[in-house]
Amino acid sequence: MASPDAKIILYTNHRCPWAHRVHIALEELKIPFEEVIIDLDTPRTPEYLKINPRGLVPALSYNGEIIIESAIVSQFLADAYPSHLAPPSGTPSGALRRARIALFADAFSKVQSAIFQFNRARTDEEIASVEEALVTSAAKEVEPLLSDAKPFFGGSDKLTLAEVLTGSFVIRLLSLSRAGVLPSGLLLSLAEKAPSFSKWAQTVAVHPSVTSIYDEDKIIQATKARIAKLRAAA
Ligand SMILES: N[C@@H](CCC(=O)N[C@@H](CS)C(=O)NCC(=O)O)C(=O)O
């Protein structure tokens, strides 16, 4: 178990869904941390590039040791602070559950990439094809893995590492669809073709650790602006 007195600094930006993963983990684990907001609208400073040479957020400093990449940071926190998020991997059953969570995150990544493809779709046909790809991935890849969700992954009554890794994308999927930034029929198609996914997503999107740093209005405006810019440039 990590020291409760560990000094944790999270380099983040609240509009970033990857950084949002780490916020969910820290919130679930109730770990105190210092937050440093990195301005993503200007080039990274040499100081920040020393912390993360990739220039991306998030980065986490744990007693001065830097960890980068949101999935790795989330996994590190789940390992260092044993909790309801994931069992220790040192037993066969713990290792198996970890493997199930890793597969879930892998399956979800197909839905995740479709969410981003909407940004680049310009014509109605392109939008419809991305929508179909998203619903198909949710129905074929993710739905079977959520058949025992209760309401969270693997029958858990508490949020797990599976939701830490996916919650920031789930909340965007739901809120951007409701705001009409993503196709408004998307949620209905998901409810019809991927009912377990749809029910799980609605629970995840209102969970306090998932909503805690999510500024819906700002994300909607920023996403609209980004789509308009990409389409104008295309
Ligand atoms: N694979 C990285 C992706 C992180 C990422 O792409 N972060 C974006 C913000 S959402 C970033 O820092 N972009 C730098 C920039 O926009 O210049 C992770 O999971 O941590």
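In which loop is Pro58 found? In this predicted model, Pro58 occupies the loop between helix H2 (46–51) and S3. The bond that links Val57 to Pro58 is a cis peptide bond, with omega of about 5°. A cis peptide bond also runs from Lys150 to Pro151, where omega is near -5°. Pro151 belongs to the loop between helix H5 (124–142) and H6.

Two residues other than glycine have a positive phi. In Asn63, phi is about 50°, and this residue sits in the loop between S3 and S4. Because its relative accessibility is 47%, Asn63 counts as partly exposed. Glu69 has phi near 75° and is placed in the loop between S4 and H3.

The largest pocket holds about 390 Å³ of space. Its lining consists of 17 residues, and those nearest the centre of the pocket are Arg15, Pro17, Trp18, Phe116 and Arg226. Two or more lining residues are contributed by each of helix H1 (17–29), helix H4 (92–120), helix H6 (161–178) and helix H10 (216–233). Classified by residue type, this lining comprises eleven nonpolar, two polar and four charged residues. The largest pocket lies between domain 1 (8–80) and domain 2 (92–233), because both domains give residues to its lining.

The second largest pocket contains about 190 Å³ of space. Among the residues that line it are Cys16, Trp18, Leu40 and Arg44, together with the run Gly55, Leu56, Val57 and Pro58. The classes represented here are six nonpolar, two polar and two charged residues.

The nonpolar interior was then considered. In soluble globular proteins, nonpolar side chains tend to be buried together. The largest nonpolar core of the model has 64 residues, of which Leu60, Leu77, Tyr81, Leu134, Leu173, Phe197 and Trp200 touch the most other members. H6 supplies the largest share of this core, with ten residues. Since domain 1 (8–80) and domain 2 (92–233) both give residues to the core, it lies between them. Phe197 illustrates the packing: leaving aside residues up to four places away in sequence, Phe197 touches Phe108, Val111, Ala138, Val142, Glu143, Leu146, Leu173 and Leu190. Another core, of eight residues, lies apart from the largest one and includes Tyr11, Ala19, Tyr48 and Ala59.

Helix H3 (residues 70–80) has buried residues at Ser70, Val73, Ser74, Leu77, Ala78 and Ala80. These buried residues pack against H1, strand S3 (59–62), strand S4 (65–68), H4 and H6. Within H3, Leu77 is buried and is one of the residues that touch the most other members of the largest nonpolar core.

How values were computed
Residues are numbered from 1 along each chain as its sequence is written. This is a predicted model: local features need pLDDT of at least 70, side-chain atom pairs count only at pLDDT 80 or more; totals for chains, interfaces and linings use all residues. Side-chain values use heavy atoms; hydrogens and water are left out. On a 1 Å grid over the protein atoms alone, a cavity is a set of points where a 1.4 Å probe fits but cannot get out, and a pocket is an open set with protein on both sides within 12 Å along at least five of seven lines; lining residues have an atom within 4 Å of a point. Grid points are joined across faces, edges and corners, and a volume is the space filled by probe spheres set on the points. Helices (H or I, at least four residues) and strands (E, at least two) are DSSP runs, numbered from the N terminus. Ala, Val, Leu, Ile, Met, Phe, Trp, Tyr, Cys and Pro count as nonpolar, Asp, Glu, Lys and Arg as charged, and the others, Gly among them, as polar. Domain bounds come from an automatic or database domain assignment. A nonpolar core is a set of buried Ala, Val, Leu, Ile, Met, Phe, Trp, Tyr and Cys residues joined through side-chain atoms within 4.5 Å. Buried means under 20% relative accessible area, exposed over 50%, partly exposed in between (1.4 Å probe, protein chains only). Contact means heavy atoms within 4.5 Å.
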